[in-house]
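Please find below a colleague's note on the model under review.

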Amino acid sequence: MIQPKNGLFIVFEGGDGAGKSTQSARLAQWLASDGYEVRTTFEPGDTQVGAHVRQMVLHSSLDLCPRAEALLYAVDKAQHVAEVIKPSLDARMIVICDRYVDSTIAYQGAGRSLSIDEISKIAWWSVSDLVPDLTILMDVSVTEGLSTKDEHDRMESAGPEFHERVRDHFLELASSGPGRYLVINGRDPKDDVTAAIRACVREMIDQGSHALAR
């Protein structure tokens, strides 16, 4: 276990097309304009090792079995935490990450119908139990989310039943830990979503004991 940490770790989760990228970019810009040092990152792929993993799990024609897929995502996570997330938190930065452990549990566990407990243990082990301070779950119906995509990668092409299981498990994860989650309707007006996220993060910063770099 590699906690405690000095920075602030915020993760955006949710199905495809829910608006994670837009809102994470808006949050990062707002925090940076307020003088905070911010590191934006994503999974899978934001390391050299992760880029190879991303190609295999999302864009290759390899016939990966579900267990192999889950282990590849764990490789990406382990390298990502060691190389990007933990050093940034140690430098007292605010880290904003697009996808993290919950995505592995939802997609490779619930989506691929593998053991949730086993996938959860592998995923949390791979990140040395580094838990986000806040997870923002952008929730949107499967039909609406996938309709925003012109092209679909290997995961997005898994079919509606797969994505329904993923969405249901994201919501289940959020309901099991309400103190760490902010659930947002991804179809609400973008500016309303931005305002709700800012209010939550501002409250965390004002009430917390984070020694953040500015």
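1. Basis of the note. The model is predicted, and local features need pLDDT of at least 70, side-chain atom pairs count only at pLDDT 80 or more, and totals for chains, interfaces and linings use all residues. Residues are numbered from 1 along each chain as its sequence is written, and side-chain values use heavy atoms, with hydrogens and water left out.

2. Burial of α4. Helices (H or I, at least four residues) and strands (E, at least two) are DSSP runs, numbered from the N terminus. Helix α4 spans residues 101–111. Eleven of its eleven residues are buried, so α4 is largely enclosed by the rest of the structure. Buried here means under 20% relative accessible area, exposed means over 50%, and partly exposed lies in between (1.4 Å probe, protein chains only). Among the buried residues of α4 are Asp102, Ser103, Thr104 and Gln108.

3. Surroundings of α4. Contact is taken as heavy atoms within 4.5 Å.

4. The pairing of α4 with α5. Helix α5 covers residues 116–126, and its axis and that of α4 are 9 Å apart at an angle of about 150°. Axes are lines fitted to C-alpha atoms, for helices over the stretch in contact, and angles run from 0 to 180 degrees between N-to-C directions. The crossing of α4 past α5 is right-handed; a crossing is right-handed if the near helix is turned clockwise from the far one by less than a right angle, and left-handed if anticlockwise.

5. Residues at that contact. From α4, Val101, Thr104, Ile105, Gln108, Gly109 and Ala110 meet Ile116, Ile119, Ser120, Ala123 and Trp124 of α5. By class, the contact has seven nonpolar, four polar and no charged residues. In this scheme Ala, Val, Leu, Ile, Met, Phe, Trp, Tyr, Cys and Pro count as nonpolar, Asp, Glu, Lys and Arg as charged, and the others, Gly among them, as polar.

6. Ile105 and Ala110. Which residues does Ile105 touch, not counting residues up to four places away in sequence? They are Ala110, Ile116, Ile119, Ser120, Trp124, His169 and Leu173. Ile105 is buried, at 3% relative accessibility. Ala110 is also in α4 and is buried, with a relative accessible area of 14%. Leaving aside neighbours within four places in sequence, Ala110 is in contact with Ile105, Ile116, Arg165 and His169. By the C-alpha distance, Ala68 of α3 and Arg167 are separated by 22 Å.

7. Nonpolar cores. A nonpolar core is a set of buried Ala, Val, Leu, Ile, Met, Phe, Trp, Tyr and Cys residues joined through side-chain atoms within 4.5 Å. The largest has 30 residues, of which Phe9, Val57, Ile85, Tyr100, Val101, Tyr107 and Leu130 touch the most other members. At least two residues of this core come from each of β1, α2 (48–59), α3, β3 (94–98), α4, α5 and α7. Apart from it lies another core, of 24 residues, including Ala28, Tyr36, Met138 and Val201.

8. Val101. Not counting residues up to four places away in sequence, Val101 touches Glu13, Lys77, Ala123, Trp124 and Val127.

9. Cysteines. The structure holds zero disulfides, a disulfide being a pair of cysteine sulfur atoms within 2.5 Å. For Cys97, the nearest cysteine sulfur is that of Cys200, 17 Å away. Cys97 is buried, at 0% relative accessibility, whereas Cys65 is partly exposed, at 42%.

10. Backbone points to inspect. A cis peptide bond, with omega about -10°, joins Glu43 and Pro44; Pro44 is in the loop between β2 (38–42) and α2. Ser113 is not a glycine, yet has a positive phi of about 60°. This residue lies in the loop between α4 and α5 and is exposed, at 54% relative accessibility. Asp129 likewise has a positive phi, near 60°; it is found in the loop between α5 and β4 and is partly exposed, with a relative accessible area of 31%.
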